[in-house]
Amino acid sequence: MILVTGGAGFIGSNFVLDWLAQSDEPVVNLDRLTYAGNLQNLASVQGDARHVFVQGDIADAALLKQLLTTHQPRAVVHFAAESHVDRSIHGPEDFIQTNIVGSFRLLEAVRAYWSGLPADAKAAFRMLHVSTDEVYGSLAPQDPAFSETHRYEPNSPYSASKAASDHLVRAYHHTYGLPVLTTNCSNNYGPYHFPEKLIPLMIVNALAGKPLPVYGDGMQIRDWLYVRDHCSAIRRVLQAGRMGEVYNVGGWNEQPNIAIVHAICDLLDELQPRAAGGSYRQQITYVADRPGHDRRYAIDARKIESELGWRPAETFATGLRKTVAWYLANGEWVRGVQSGAYRDWVNKQYGAAVAA
Ligand code: NAD
Ligand code: DAU
C-alpha cells in the first residue's frame, strides 16, 4: 500500500480517486482537514476498503510512526501543505509550521521507518515530494522556461516555505540516502479546486453575479495544467523516476490571467448564459495587485517527457471545458465549501464589494 498526505485537498483527492480507479493497491490518506481539506471530495470512495482515511497532522511524530509501522507502505506521496499565496501574505505562520516543520517531521519518521526495513523492501521504497514551480521565482518575458537546474528564488512566504521543504528533501537524500523524488509543477485546475484560487473563484463568482477580481493589470503569466495530468505525472515519476532526481511538470500552456478569465466567461456564456443577458465579461473588475506578485512562470517539461515519456493528455481548451462543466454540475459541493470561514476569507482579501 501507499501513504498519501494531504489527500483530502484539491490535488491529493484527485490523486487518490485516480489511483483507486486504476489500481487495487490500498491508500492510507493522512490529512488534517484544514479549511482546504474536504471529505466530500472523497465521497465516491467512502466505504471502499482500499481507502483508509486518518485525520491528523503531518507534524505529529507519534502518529506518523504508528501509521508507518502499522501499514508498512511501500511508498509515501507527500501533498500536505498550506497552498494559497494570498493567505501566506496575510499570515505566514501556518505555512512555516506545515510546509517546513511538518515536512521535516515526515522526513524524520520516514527515515526511521525506511532504515528499519528488510533489504528488499528498503530497496523498493520511495518517497515522492510534491512541490511547485513557484520556488524558482519570477521570469522576464523573454527568459527561457524553468528547468530543473534553475536557481531557487522564492518570492512569497508560501514559495519560500515550499523551497525550504525541497531543500530538506534533497538533503535527506544526500546525507542519509533516503530514496526521494521531487516534482515541481505549474498551476493546476480541475474538479474539487477550492474557490480561493483564480479559476474556481472566477467560475463561482461569475455564476453568483459577483465581481471577477483581476489583480493589477491581469497580464501575469502562469502555465496551466489539468489536475488529472498532474496526477498521471506523479504516478509515472513514482513508478520510474530516478532516485534523488527532480522532475518539472507543466502543461506547455502559458497564458496571462486576463486570457484565462475571458476563456471562463466565454464558456459560461455558452453553457449557462446570464439571466440578465450580456457576457459574464461585464463582471470583470480590476483590483489592487498582490504584494510581490510574480510576473511569469513557465515550465520546461522536457526532462519528464524524454526520460519517462510523460506528456499532458488534455489541452487547455478540453481541460477548461471539463472544469467549467464540473462546477456547473456540482453546485452542492460549491455551496458546501462556502462556509462562514470562506466568506470571512473573501471579505478579508477582497472587501465587501466582492464578498457581497
Ligand atoms: P490544498 O490546499 O487544496 O490541499 C492541501 C491539503 O493538505 C488539505 O487537504 C489540507 O487539509 C491538508 N493539510 C494541510 N496542512 C496539513 C497538515 N499539517 N497535516 C496534514 N494535512 C494537512 O492544496 P493543493 O492545491 O491540493 O496542493 C497540494 C500540493 O501540491 C501542495 O504541496 C502544493 O504546494 C503542491 N502544488 C500545488 C499546485 C496547485 O496549482 N494547486 C501546483 C503545484 C504544486
Ligand atoms: O504555480 C503553482 C502554484 O499555483 C501552486 O504552488 C500554488 O499552490 C497555487 O495556489 C498556485 O499559485 P498562484 O498564486 O499562481 O495561483 P492563484 O490561483 O492564487 O493565482 C493565479 C494567478 O491569478 C496569479 O497571478 C494571481 C491571479 N489572481 C488570483 C486570484 C485568487 C487574480 O488576479 N485574482 C484573484 O482573485
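**View 1. The largest nonpolar core of the predicted model**. This core has 70 residues. Phe15, Val77, Ile199 and Ile304 are the members with the most contacts inside it. Apart from this core lies another, made up of 24 residues, including Leu3, Leu63, Leu107 and Val169. In soluble globular proteins, nonpolar side chains tend to be buried together.

**View 2. Surroundings of phenylalanine 15**. Neighbours within four places in sequence are left aside here. Phenylalanine 15 is then in contact with Ile2, Val4, Val77, Phe79, Cys231, Ile234 and Arg235. Of these partners, Val77 is also listed with Phe15 among the residues with the most contacts inside the 70-residue core.

**View 3. The open sheet of seven strands**. The strand order is β3-β2-β1-β4-β5-β6-β10, and the pairing is parallel. Strands β3 (51-55) and β10 (246-249) form the edges, each pairing on one side only. From one strand to the next, the twist averages 20 degrees.

**View 4. Pairing of strands β5 and β6**. Strand β5 covers residues 126-132 and strand β6 covers residues 180-185. The two run parallel and are joined by six bridges. Leucine 128 stands opposite leucine 181 in β6.

**View 5. Asparagine 257 in helix α9**. The helix spans residues 257-271. Asparagine 257 counts as buried because its relative accessibility is 11%, and buried means under 20%. With neighbours within four places in sequence left aside, asparagine 257 is in contact with Leu198, Gly218, Gln220, Arg222 and His293.

Key:
Residues numbered from 1 in each chain as written. Chains lettered and ligands numbered in written order. Predicted model: local features only at pLDDT ≥ 70, side-chain atom pairs only at ≥ 80, totals over all residues. Heavy atoms only, no water. Helix = DSSP H or I, 4+ residues; strand = E, 2+ residues; numbered from the N terminus. Buried < 20%, exposed > 50% of the residue type's maximum accessible area, 1.4 Å probe, protein only. Contact = heavy atoms within 4.5 Å. Core = buried A, V, L, I, M, F, W, Y, C linked by side-chain atoms within 4.5 Å. Pairing = 2+ DSSP bridges. Axes fitted to C-alpha atoms, helices over the stretch in contact; angles between N-to-C directions.
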